[in-house]
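This briefing looks at a few local features of one structure, grouped by topic. Please keep the sequence and the coordinates at hand while reading.

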Amino acid sequence: MAETDARPVESDSGEQPLEADRLRDLLLAPGYLKILAFSAVVGVPVSLVAFWFLAGLHKLEHLVWADLPHGLGWDAPPWWWPLPLLLVAGVVVGLVAARLPGGGGQVPASGLHAGGAAPVTLPGVLIAATASLPLGAVLGPEAPLIALGGGLALLFRDLTRGPATPRTTALLGAAGAAAAIAAIFGNPLIAAVLLMEVAGAGGPQLFAVMLPALLSSGVGALVFTGFGNWTGLETGSLSLHLPMPFPRLDAGDVLWTIPLAVAVAVLLHPVLAVARRIAALVSKGVIGRTTLCAVAAAACAALYALITGRTPTDVALSGQATLGELAADPHAWGVGALVAVLLFKGTAYALCLGSLRGGLVFPALFLGAAAGVLLAPLPGLGLVPALAGGMAAATAATLRLPVSSVVLVALLLGGTAMMPVVILAAVIAFVITELLPRDAASA
């Protein structure tokens with residue numbers, strides 16, 4: 001008995017130095033140090049390209065959805081406004097997906113992917129994202145940014161004639177993607193954590209992926225922030241203006257977080273399943289079916305505007321700007337409007353995930369926040385805890401990246417006061433999502 005008890009101790013004490021030695025050897029390898037140096041350098045041009053890309057998308061979105069309607073005499077876009085815009089988006093994305101290398105990037109229904117696109121696919125990624133995002137797709141910019149940043153890092157490596165090995169491709173792709181994604185999240189930490197969790201690395205390999213990503217995104221954040229202040233251009237802000245100081249959490253907030261997270265995960269599950277089925281259908285007739293899905297998403301926004309009398313931008317677009325409005329003045333949304341936006345934006349989200357090009361994060365954040373605001377009147381549940389729990393649950397259920405979801409929502413909230421609720425909601429939603437049955441298209 002004494003001998004069997006001693007074995008695990010010897011095994012553990014023997015494994016720990018082995019892991020430390022492996023990590024030390026990895027960090028001291030000349031090739032890896034060169035990758036770290038290149039990651040610091042590549043963060044500068046990648047962040048500049050990401051800045052102009054996001055600034056251009058922001059300007060185009062404002063032109064199409066604010067300046068143009070105002071110029072035509074409307075205070076807000078009319079109910080039919082999304083229909084011609086998303087028709088154009090569907091045609092352009094369909095043509096890109098059918099004719100250009102890489103198909104305009106990953107179909108968002110398949111989730112986020114680490115690393116960068118091959119440089120030859122970058123024109124398609126840029127065109128598809130520019131056609132999708134400012135014209136009303138219910139998607140965010142993070143997936144195109146990951147492809148753009150990683151692809152540019154690999155392009156710079158090829159231009160400098162660096163070694164093109166599977167290892168350098170993986171590490172530099174992650175570093176470039178992190179530098180680009182830090183631009184939209186405004187924080188190098190979330191960029192590194194997100195790429196690290198998407199990559200699924202562990203042990204010493206985790207640090208191997210994380211360090212170039214963290215270094216590149218940190219250097220890129222300096223450039224991105226300074227360049228934004230210098231030019232005065234906006235790229236969209238990932239921040240919420242919530243009532244401060246935050247309310248103190250009590251037992252009711254924590255207890256209500258459990259059914260809230262379960263409900264959000266269960267409600268988003270069919271949205272994502274439908275998105276994967278739509279992606280499979282679109283692949284069999286790319287141009288026509290992409291256009292049809294885009295027009296159907298536009299119809300969701302138009303019907304929402306007709307039924308509620310609110311602007312169609314509540315449903316169209318990523319929800320990044322609308323999320324800030326919802327957090328700042330949740331009482332401006334009645335119960336009917338919240339139910340309608342969850343129904344119509346959720347449907348449009350599934351359609352866009354399966355057909356257009358963009359990312360999953362921002363619409364998921366908005367849907368989670370809307371669900372939280374809808375359920376906030378429950379006895380014992382506060383508005384801010386409900387908002388925080390809803391966003392964390394929706395992000396974890398959609399991305400299936402619980403750590404990234406917690407860090408992202410904490411960044412949005414600007415503090416750690418709601419952290420117990422955020423962690424609880426993210427973990428519960430993640431577990432429920434993993435336990436729910438998978439459809440055949442989800443592989």
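This is a predicted model: local features need pLDDT of at least 70, side-chain atom pairs count only at pLDDT 80 or more; totals for chains, interfaces and linings use all residues.

With a relative accessibility of 9%, proline 330 counts as buried, because the cut-off for that class is under 20%.

**Proline 330**
- Proline 330 sits in the loop that runs between α11 (320–328) and α12 (335–353).
- Leaving aside residues up to four places away in sequence, proline 330 touches Val373 and Leu383.
- Between proline 330 and alanine 370 there are 8.8 Å in space, C-alpha to C-alpha, although the two are 40 residues apart in sequence.

**Helix α16**
- Helix α16 (residues 419–435) has 17 residues, which at 1.5 Å a residue should span 24 Å, and this agrees with its end C-alpha atoms, which are 24 Å apart.
- The buried residues in α16 include Val421, Val422, Ala425 and Ala426, and also Ile428, Ala429 and Thr433.
- Among the elements that cover the buried residues of α16 are α9 (251–282), α14 (383–399) and α15 (402–413).

**Cysteines**
- Searching the whole structure gives zero disulfides.
- Cysteine 293 is accordingly in no disulfide, and the nearest cysteine sulfur to it, that of cysteine 352, is 8.6 Å away.
- For cysteine 352, the closest cysteine sulfur is in cysteine 300, at 8.6 Å, which is too far for a bond because a disulfide needs the sulfur atoms within 2.5 Å.
- Cysteine 293 counts as buried at 11% relative accessibility, and cysteine 352 counts as buried at 0%.

Conventions
Residues are numbered from 1 along each chain as its sequence is written. Side-chain values use heavy atoms; hydrogens and water are left out. Helices (H or I, at least four residues) and strands (E, at least two) are DSSP runs, numbered from the N terminus. The expected span of a helix is 1.5 Å times one less than its number of residues. Buried means under 20% relative accessible area, exposed over 50%, partly exposed in between (1.4 Å probe, protein chains only). Contact means heavy atoms within 4.5 Å.
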